[in-house]
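Open the model in a viewer and keep the selection panel at hand. The stops below say what to select and what is there.

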Amino acid sequence: MKLINLNKTTQTNFDFDNPGDYFVYFYNLSGKYNFNIKASGINLDISGVFIGNEKNNFTLQTFQNHIAPKSKSNLLIKGVFYDQAKFNYQGMIRIEKQAQQSHAYQKNQNILISDDCVVSSKPDLEILADDVFCTHGSTTGQLDKDQLLFLQMRGLSKKQAQLCLVDGFVSEIVDKIRMYDKGYKSSLRSRA
Amino acid sequence: MKLLKNNQFKPGQGLSENFVTQLSKTKKEQDWMRKQRQKAYDIFLKKSLPKWGPSLENLNFDRITYYIKATDKPVGSWNDLPKDIKDTYDKIGVPEAEKNFLAGVSAQYESEVVYESIKKELDKKGVIFCDMDTALKKHPDLVKKYFGKLVPAADNKFAALNTAVWSGGSFVYIPKGVKLKLPLQAYFRINAERFGQFERTLIIAEEDSEVHYIEGCTAPIYTTASLHAAVVEVFVHKNARVRYTTVQNWSKNIFNLVTKRAQVEENALMEWIDCNLGSAVTMKYPSVYLTGKKARGEMLSIAFASNSQHIDSGAKMIHFAPQTSSRIISKSISKDGGRTSYRGLVQIMPKAKKSATYVSCDALLIDEKSRSDTYPTMNIKTSDTKVQHEATVEKIGEEKIFYLSSRGIDKNSAEGLMVNGFIEPIIKEIPLEYSIELNRLINLEMSGSVG
């Protein structure tokens, strides 16, 4: 497993020439990133978390560019937005004609805590080969009201209950990052 | 348009300011409409072509005839029609009289008797159903009140073009509380005219009314014109319900660039059902403006592109009011080098609290020459909302084909069966006579025969 922490590199264009497992991860990041899959047998996992506060404004573009056949890429971005935070996401999956038997996935899930947040999500697909499996999904909404109520009934304050649910929402990614990158330090879970 | 039969207005190809004025004069229109046409022409000149989407390189505005009289026929006789069009008519089983009409050989179609009895029924209820030119003469106030209010000429280049040179199209007015059980079909109305190139359709459904409007037909419509730029405006007032079904199968030399928009008030419902099979290039994104509390919008669409066709279609749902909901279901099939693109927009404005939207796009790729794209956009400006989008692209399952083959069904029929199954959720929403023809047509596209 090769790890790439996008927060710790200035590189934005990545060429994957050798088969193997790759794990790309990031936290609160803006920019334009290209992932060029140029060999077969690549298993690329791209995971990112956003916690937006106050006037934070993130603009992210990702490009999963499948040039070689028989590779897999899987992107998951989760965002939680408070205050007047803005998030503008544009994701593209492109499968070239020769990239048969590719698997490409893309998912963006956002939670809006405040009414003043603005989220724009644009997950695009361009498929030129036929023997492929591609899906993308995007959801945006609030924290589950029933769950919030339940936690409050158990004695948590509204803020604690929110934090608890936000924690659960991002833990899918945070836990994965911690599992591979043992020394990873972040303030991901500590917004009170 | 019958009025024009004996006049001397014989425009050739190309467009000019003088042409627009002449057209309006020939139609004996009021000043406001002539001015609107002239203004739209100026806008048309200023606007540029869209910088996204399919290539419109082959579209030459100077080589288009902008006004065709009712009596002009694209072809002189049945024998002059291209062979593939004739074959399709035979294979999907279009009756002889209808065939001649659709092909443009005959300008008269024997539905007049049927239409007359329906017309009596409609008159009794106060429903107005006529072509736009007639509506402009008989109900100028109604037309003036709504015309261009939802799709202004400045909306896009083709809306401007349509506003400048429109002819024909339907005008539908449903009075308060009237619920029409029988669908209104453009098909009945256009018996005396030809399918318009620059149709302008206006539907007004007053409070508590209900109507289902159907345009197009499954049989390929042959025309020598290369551009179809229609504008459709639908006003759905409080508690009303409008369903607008389109089955489009233009011959494969047409640029089909259509602007369709509906405004939906409190507790009302607008449903677009859109099946696109024909044309060389289609660009069409019916939109719904949800302006009243609890308004609902729906879009069900099918796109089938083969043989270097490019169908770029989708939907726009703009939520302005609280508790509004929308749903978009899009199914597309690409085959033999065809390309389908879904392009959509969902926008939740700050005031649209407790609104919900669901978008689902499925694409089927039949072979390696074909292409499928998905370009959805979601803009969310409030937290109290639920937005979901999902899309899948895949090919026909080999195991399923193998299974069907093992039961004695040949590969082509099996593929046809699978494609018909794929679009079934939408097909079941359209009237039976259309869905049967559509199924046959898809089988024909898949295998070259109807069995």
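Select strand E5 of chain A, residues 42-52: nine of its 11 residues are buried, so the strand is largely enclosed by the rest of the structure. Buried here means that 20 or more other C-beta atoms lie within 10 Å of a residue's own; 12 or fewer make it exposed, anything in between partly exposed, and the C-beta atoms are placed from the backbone. Strands (E, at least two residues) and helices (H or I, at least four) are DSSP runs numbered from the N terminus. This is a predicted model, in which local features need pLDDT of at least 70 and side-chain atom pairs count only at pLDDT 80 or more, while totals for chains, interfaces and linings use all residues. Residues are numbered from 1 along each chain as its sequence is written, and chains are lettered from A and ligands numbered from 1 in the order in which they are written.

Strand E3 of chain A, residues 20-27, runs parallel to E5(A) and is joined to it by eight bridges; strands count as paired if DSSP finds at least two bridges between them. To see one of these, pick Tyr22(A), whose bridge partner in E5(A) is Leu44(A). Strand E7 of chain A, residues 72-81, is also parallel to E5(A), with 10 bridges between them. Here Ile46(A) has Leu75(A) in E7(A) as its bridge partner.

Now show the whole of chain A. Two helices and 11 strands make up its elements, and from the N terminus on they run β-β-β-β-β-β-β-β-β-β-β-α-α. Its radius of gyration is 18 Å, close to the 16 Å that the globule rule gives for 192 residues, so chain A is as compact as a globular protein of that length. That radius is taken over C-alpha atoms, and the rule is 2.2 Å times the number of residues to the power 0.38. The C-alpha trace spans about 55 × 35 × 30 Å along its principal axes. Of the 192 residues, 35% count as buried.

Turn to where the chains meet. Then select E11(A) with strand E20 of chain B, residues 385-395: the two pair in the antiparallel sense over seven bridges. Gly137(A) stands opposite Glu390(B) in E20(B).

Move on to helix H2 of chain B, residues 31-46. Buried residues in H2(B) are Gln36(B), Arg37(B), Ala40(B), Tyr41(B) and Phe44(B). Seen down the axis of H2(B), its buried residues fall within an arc of 140 degrees, so they line one face of the helix; the arc is that of the directions from the helix axis to the C-beta atoms. The face turned away from the buried side carries the exposed residues Asp31(B), Trp32(B), Lys35(B) and Lys46(B). Among what covers the buried residues of H2(B) are helices H1 (17-26) and H8 (157-165) of chain B.

For the last stop, select Lys119(B), in helix H5 of chain B, residues 112-125. Lys119(B) is partly exposed, with 16 other C-beta atoms within 10 Å. Its C-alpha atom and that of Phe129(B), 10 residues apart along the chain, are separated by 8.1 Å.

Note on methods
Contact = placed C-beta atoms within 7 Å.
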